[in-house]
Every structure is written in C-alpha cells, then in structure tokens.
Amino acid sequence: MISKELLHDKFRGAILGCFLGDAFGSGFEGMNPEKARFHMDNLDSPSVHHFVSKKFPRSYTDDTDMTLAVVESIIQSSGVSPENIAKQFSLYCDLTRGYAIGAIKSVLALRAGMKWYEVARIVFENGSFGNGAAMRVSPVGLFYHHDLDSLQEAAIQQANITHVHPLGQWGAVMQACSVALAVNQNPKESFKKEEAIIHLREVLWCGPIEYIKALNKIEEMLAQGKKLQAREVVQSLGNGVEAHFSVPTACYIAMNYSPDFCDAIRAAISLGGDTDTIAGMVGAIVGAHVGEKGLPVEWIEQLEDGPRGLSFARDLADRLFETWWKIHQTS
Ligand code: R7I
Ligand code: MG
Ligand code: MG
C-alpha cells in the first residue's frame, strides 16, 4: 500500500518527468544517435556554457502542452471526457510549440467549431498513427493506476480526439499502462520488469499485433541483462514519430534505467529521432516510479516557468492528485 505522501509525490514526478524529458530532449530532435551523443554535453547544467543556448533551451513543446491540457480536463471532469479534453485543446494548445500537422489541423478544426468526434480523420483517412496520443497520456496513467481495465478504456477515449488509428490508440494504452505500473513500483528498488511485462501483455493482447511483437522484443532485450547500444535499440524498436516505433522504445528505456532518472533521459536522447517525445514518455514513466524527490533538482531549476510552465505544471499535478484522492480515499 502506497502512502498518501508518496502517491502525491509520484503524481508530481510523472508530470514533471514528462516536462523534463520534453524540454531537455527537444533540442536533439531529428539527430542520428551519433550526433545526439556528440551534443550530450548540452544536457548538463547551463553553468557549463554560462547560458542555455537557443538550440537547447529548457522550454516545453507540444508534448507537455497537451499533457497539461489533459490534466486540466481530468480535474474538471473527475475522469476522462473526450469532449472536455477537446475543449481544453481548443482553448489552450499553443500551436507554435512544435506541433505536427495532424494535431495542428485537428486543433484548428476544433476552434472552427467541428465536433470532437469528427476531427480525427481530417488529415489521415484511417486516423493518425503518430505518437501524439501517447505523448500526452501520462495523466490518464496516473488517474487510473489502480484499475487497468478503466485505464485502457480511458486511454483510447482520450486518443480518439486526434488518433483513431489502432496503432495511435494502443500506443497511448501502452504508455498509460507503463505509467500506472511505475506508480505501483517501490522508488527505492529497481523496476520489476518481468511483472510489468506480464501486466502489459494482459492489457495489450487485444490491441494490434505490433505491440505484442514489440513486447516480445523488449522481453528478450531485458533478459540479456545489459544496456544495449543506441543503434541496437533503434534497430530493434525504432525512434520515430509513429506510436509503434516510439512507445515500446520508451517503455524499454524506462524499465531498463529506472530509478536513475538522468541516465534514463540520456539513454532516450542518445537514440536520436523523436527525442523530445521519447524522452518525455521515459520521463513520465521514471518520474512515476521515483516521484519528484527522485528527479534532478538542478535540471528542474532550468525549466521554463511562464504562464503554463513549471509552477503551473506542479500545481496541476497536485490538483490531479487531490481529485484522485477525494474519489478513492474512502473506497
Ligand atoms: O501524433 P502527432 O501529434 O505527432 C506527435 C509528434 C511528436 O514527436 C511531437 O513532439 C511533435 O513533433 O509531433 O501528429 P500527427 O501529425 O497525427 O502524426 C505525426 C506524424 O506521423 C505525421 O505528421 C505523419 O508524418 C505520421 N503519420 C502518418 N503518415 C502516414 N499515414 C501519422 N499517421 C499517418 C498515416 O496514417
Ligand atoms: Mg514535441
Ligand atoms: Mg517529438
């Protein structure tokens, strides 16, 4: 049984972990593993360079922007309501923050008055299989960490606003489930990987075969008991913007490196490719494992703190926890 204080800290850890991974990873987006490794110095304290460069600022992108909108909505609705999430997207998404084409068009359509259930096919006929529904889903993993059946349904519902392709939907399920499993881990111990794989398989079995195949690979890679080279991880699981080539990658890195948050983020970024999103998803999972107390203070201090920045994100994490606690403290 997790104490109230620890659970609260884990909610903060996941939300700020996503923010950190996104903000620290975004400057590396699109690099290959060798180039990402070459620039890894930029990940350390700005005191190294006396300033944070333009390419490596600590500002957040769409990953955090949308995650915070989902948090606000869950607080308002005491759960996942796609209609309300769509309303938050319409009101708050800052489309200057590195959004991909599908998300931009969906948000603009919502702003133009289109119903939330009509927008998801306006760019891709069969729905998007981008990782956008997974990158923003960590609050769903937190809020349903006690009930994986409800979590699966809620993750798909929140995906459906923009990602009705099964690969997009189930990427969100896999990421939300990984966050939930991390909440239930002891922060003083390493991630119980074998148990986690069993739970993930139970949740993912009725989704697309791609995720079961990826899970089999993850199991094999973890069984080797060593930390694979970036190139090998990319070859096996991918580092792309597609949900099925990024969510399993993030789960593998998180499980392999947690509870060491900085090592996990470095490993995620060193893969290159969709670095802000993979590091953001890794950050959410590891953050849910270790809580805010396990996050690097000197990294947190560097995060953007504007109107929807660090303090706002921490406050939202607190309110998400309070909403959960009010519902579940007596049951
Ligand atoms: O999924 P989405 O919100 O993108 C998230 C990514 C993250 O890396 C963020 O950091 C940000 O950079 O964007 O946005 P979508 O446009 O729905 O999907 C992302 C991309 O996946 C698309 O722009 C396409 O390149 C690709 N994609 C598809 N390509 C062909 N056919 C997604 N679905 C399809 C498809 O059906
Ligand atoms: Mg981004
Ligand atoms: Mg990205």
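Colleague: Which residues have the most contacts inside the largest nonpolar core?

Modeller: Ala268, Val282 and Ile285 do, in a core of 107 residues. Keep in mind that this is a predicted model.

Colleague: Which helix gives the largest share of this core?

Modeller: Helix 9, residues 166–183, with twelve residues.

Colleague: Back to Ile285. What does Ile285 touch, not counting residues up to four places away in sequence?

Modeller: Ser178, Val179 and Ala182 are among its partners.

Colleague: Let's zoom out. How many helices and strands does the chain have?

Modeller: There are 17 helices and zero strands.

Colleague: What radius of gyration does the chain have, and what would a compact globule have?

Modeller: The chain has 18 Å. A compact globule with 331 residues would be near 20 Å, so the two agree. Along its principal axes, the C-alpha trace spans about 45 × 40 × 40 Å.

Colleague: What percentage of the residues is buried?

Modeller: Buried residues are 54% of the 331 in the chain. Now take the contacts with a separation of 6 or more: 76% of them link residues 24 or more positions apart.

Colleague: New topic, the ligand. Which residues come nearest to ligand 1?

Modeller: Ala100, Gly102, Ser128, Gly130 and Gly132, out of 22 residues around ligand 1.

Colleague: Which elements give two or more residues to that shell?

Modeller: Four helices: helix 3 (62–77), helix 5 (101–111), helix 6 (132–135) and helix 15 (275–290). Helix 5 gives the most, with three residues.

Colleague: How does the shell divide into nonpolar, polar and charged?

Modeller: Seven residues are nonpolar, ten are polar and five are charged.

Colleague: Stay with helix 5. Which of its residues are buried?

Modeller: Gly102, Ala103, Ser106, Val107, Ala109 and Leu110. Seen down the helix axis, the buried residues fall within an arc of 160°, so they line one face of helix 5.

Colleague: Why do residues three or four places apart point the same way in an α-helix?

Modeller: Because an α-helix has 3.6 residues a turn.

Colleague: And what covers the buried residues of helix 5?

Modeller: The cover includes helix 3, helix 4 (82–92) and helix 6. After helix 5 comes Gly113, with a positive phi near 105°.

Colleague: Is Ser78 buried or exposed?

Modeller: Exposed, because Ser78 has 12 other C-beta atoms within 10 Å, and 12 or fewer counts as exposed.

Colleague: What about Ala214: which helix is Ala214 in, and is Ala214 buried or exposed?

Modeller: Ala214 is in helix 11, residues 209–223. Ala214 counts as buried because it has 25 C-beta neighbours inside 10 Å, and the cut-off is 20 or more.

Colleague: Which residues is Ala214 in contact with, leaving aside neighbours within four places in sequence?

Modeller: Leu237, His244 and Pro248. Val247 is 33 residues from Ala214 along the chain, and their C-alpha atoms are separated by 9.5 Å.

Colleague: Last one. Where is there a cis peptide bond?

Modeller: Between Ser258 and Pro259, with omega about 15°. Pro259 lies in the loop between helix 13 (247–257) and helix 14 (261–269).

Terms used. Residues numbered from 1 in each chain as written. Chains lettered and ligands numbered in written order. Predicted model: local features only at pLDDT ≥ 70, side-chain atom pairs only at ≥ 80, totals over all residues. Near = placed C-beta within 6 Å. Nonpolar A, V, L, I, M, F, W, Y, C, P; charged D, E, K, R; others polar. Rg over C-alpha atoms; globule rule 2.2 N^0.38 Å. Contact = placed C-beta atoms within 7 Å. Core = buried A, V, L, I, M, F, W, Y, C linked by C-beta atoms within 7 Å. Arc of directions from axis to C-beta.
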